[in-house]
Amino acid sequence: MSQITSHVLDTSKGSPASGIMVVLYEWNNNDWREINSKITSNDGRVTDLLNADLIVKTGIYKLKFNTREYFEKLSIRTFYPFIEIAFEITNEEHHHVPLLLNPFGYSTYRGS
């Protein structure tokens, strides 16, 4: 499993949000540098953003969730075409960043 993972749940449906493009960025020299991207599985999870043996350096990272396409497939208008969650890594622990999503709101937290 990657050091950085995510799980997206669609709270309006009460189920995982599959098919969402998730892009991982690193803050580097006052700009965001893309590291990798993956699509959420049928279970709404992204567990392989990084190689399992890769440990990222301390710093600021961001996950960008492209939500417009997800809601368009459901024929639902959304207020948020994408959602960006920035977070700081200060150690080599696993960092899980869940996203609870609906067309007009979202929340996140540091998962385990």
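How many strands and helices are there in the protein?

**Figure 1. Overview of the predicted model.** The protein contains 1 helix and 10 strands; helices (H or I, at least four residues) and strands (E, at least two) are DSSP runs, numbered from the N terminus. Along the sequence the elements follow the order β-β-β-β-β-β-α-β-β-β-β. This is a predicted model, in which local features need pLDDT of at least 70 and side-chain atom pairs count only at pLDDT 80 or more, while totals for chains, interfaces and linings use all residues. Residues are numbered from 1 along each chain as its sequence is written, and side-chain values use heavy atoms, with hydrogens and water left out.

**Figure 2. Overall dimensions and surface.** The C-alpha trace spans about 40 × 30 × 20 Å along its principal axes. Of the 112 residues, 38% count as buried. Buried means under 20% relative accessible area, exposed means over 50%, and partly exposed lies in between (1.4 Å probe, protein chains only). The accessible surface of the protein comes to about 6,400 Å², and carbon and sulfur atoms hold 47% of it; the areas come from the Shrake-Rupley method with a 1.4 Å probe, and for residues only the protein chains shown count as cover. Among contacts with a separation of 6 or more, 59% are between residues 24 or more positions apart, where contact means heavy atoms within 4.5 Å. There are 11 positive and 13 negative side chains, and the centres of the two sets lie 6 Å apart. Lys and Arg count as positive and Asp and Glu as negative, with His and the chain ends not counted; the place of a charge is taken as NZ of Lys, CZ of Arg, CG of Asp or CD of Glu.

**Figure 3. The loop between β3 and β4, with Asn29 and Asn30.** Asn29 is found in the loop between β3 (21-27) and β4 (32-39). Asn29 has a positive phi of about 55° although it is not a glycine. Asn30 lies in that loop between β3 and β4 too, and its phi is near 60°, a positive value in a residue other than glycine. Asn29 is exposed, with a relative accessible area of 70%. For Asn30, also exposed, the relative accessible area is 66%.

**Figure 4. Glu26 in strand β3.** Is Glu26 buried or exposed? Glu26, placed in strand β3, counts as buried because its relative accessible area is 6%. The side chains of Glu26 and Arg33 are joined by a polar contact of 2.5 Å. A polar contact is a pair of N or O atoms within 3.5 Å; within protein, one must be able to donate a hydrogen and the other to accept it, and residues adjacent in sequence count only if both atoms are side-chain atoms. Not counting residues up to four places away in sequence, Glu26 touches Asp31, Trp32, Arg33, Ile35, Lys57, Ile60 and Tyr61.

**Figure 5. Glu88 in strand β7.** Glu88 is found in strand β7 (residues 83-89). Its relative accessible area is 54%, so Glu88 is exposed. From C-alpha to C-alpha, Glu88 and Glu26 are 9.8 Å apart in space, and 62 residues apart in sequence. With neighbours within four places in sequence left aside, Glu88 is in contact with Gly59 and Ile60.

**Figure 6. His95 in strand β8.** His95 is placed in strand β8 (residues 95-96). At 4% relative accessibility, His95 counts as buried. The His95 side chain reaches the backbone oxygen of Glu93 at 2.7 Å. Beyond neighbours within four places in sequence, the contacts of His95 are with Gln3, Ile4, Thr5, Ile89 and Arg110.

Figure 7. Arg77 lies in the loop between α1 (67-73) and β7, and is exposed at a relative accessible area of 74%. Arg77 and Pro103 are 26 residues apart in sequence and 6.8 Å apart in space, C-alpha to C-alpha. Ser41 is found in the loop between β4 and β5 (45-46), and counts as partly exposed at 31% relative accessibility. Leaving aside neighbours within four places in sequence, Ser41 is in contact with Ala17, Ser18 and Gly19.
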